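This briefing concerns a single protein chain and the arrangement of its strands. Please refer to the sequence and the structure shown here while reading the points that follow.

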Amino acid sequence: ASITRMDLIYLGSASKWLATDANAEATATGMLAISLESKTDTQSMYVALPGNFIRNDAWSFTPGARLYISETAAGITATAPTTTDSVTRCIGFAITSTVIFFYPESGYVTHV
């Protein structure tokens with residue numbers, strides 16, 4: 001697996017960071033982080049853990065918006081997933097269009 005800088009990732013069972021996806025419950029319900037560099041599956045990487053303010057000039061969120069795990073792998077979205085079997089989990093809030101407060105909730109909802 002390849003991780004790109006600013007991907008939303010989770011800590012897998014082999015202690016490796018992997019891409020999240022709201023369409024796969026196992027990837028959306030555990031410990032989350034945001035990658036701070038691009039790496040491959042076997043490489044160590046720097047990550048931003050919960051409680052951090054993170055800036056990405058490629059983002060374009062509405063300030064104050066709740067942010068969620070996306071149904072696109074490793075993505076962050078301001079639109080809560082609604083697809084059957086998808087996971088809705090808030091991961092933080094947009095502070096400006098390019099800065100988020102990363103603070104994932106521990107709870108989540110799986111759509112049926």
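**An enclosed strand and its partners**

Strand β11, which covers residues 90-94, has four of its five residues buried, so the rest of the structure largely encloses this strand. The model is a predicted one.

**Pairing around β11**

- Strand β8, residues 66-69, pairs with β11 through three bridges in the antiparallel sense.
- Within this part of the structure, Tyr68 has Cys90 of β11 as its bridge partner.
- Strand β12, residues 99-102, is also antiparallel to β11, and three bridges join the two.
- Phe93 finds its bridge partner in β12, namely Phe101.

**The open sheet**

- An open sheet is formed by four strands in the order β3-β2-β4-β6, with antiparallel pairing.
- Strands β3 (17-19) and β6 (47-48) lie at the edges of this sheet and have a single partner strand each, so one side of each is without a neighbour in the sheet.
- The partner of β3 is strand β2, residues 8-11; the two run antiparallel and are joined by three bridges.
- Leu11 has Trp17 of β3 as its bridge partner.

**Architecture and dimensions of the chain**

- The chain contains one helix and 13 strands.
- Read from the N terminus, the order of elements is β-β-β-α-β-β-β-β-β-β-β-β-β-β.
- The chain has a radius of gyration of 13 Å, close to the 13 Å given by the globule rule for 112 residues, so the chain is as compact as a globular protein of that length.
- The C-alpha trace spans about 35 × 35 × 20 Å along its principal axes.

**Burial, contacts and surface**

- Of the 112 residues in the chain, 41% are buried.
- When contacts between residues at least 6 apart in sequence are considered, 54% of them join residues at least 24 apart.
- The accessible surface of the chain amounts to about 5900 Å², and carbon and sulfur atoms account for 52% of this surface.

Conventions: Residues numbered from 1 in each chain as written. Predicted model: local features only at pLDDT ≥ 70, side-chain atom pairs only at ≥ 80, totals over all residues. Heavy atoms only, no water. Buried < 20%, exposed > 50% of the residue type's maximum accessible area, 1.4 Å probe, protein only. Pairing = 2+ DSSP bridges. Rg over C-alpha atoms; globule rule 2.2 N^0.38 Å. Contact = heavy atoms within 4.5 Å. Areas by Shrake-Rupley, 256 points an atom, 1.4 Å probe, with all protein chains shown as cover.
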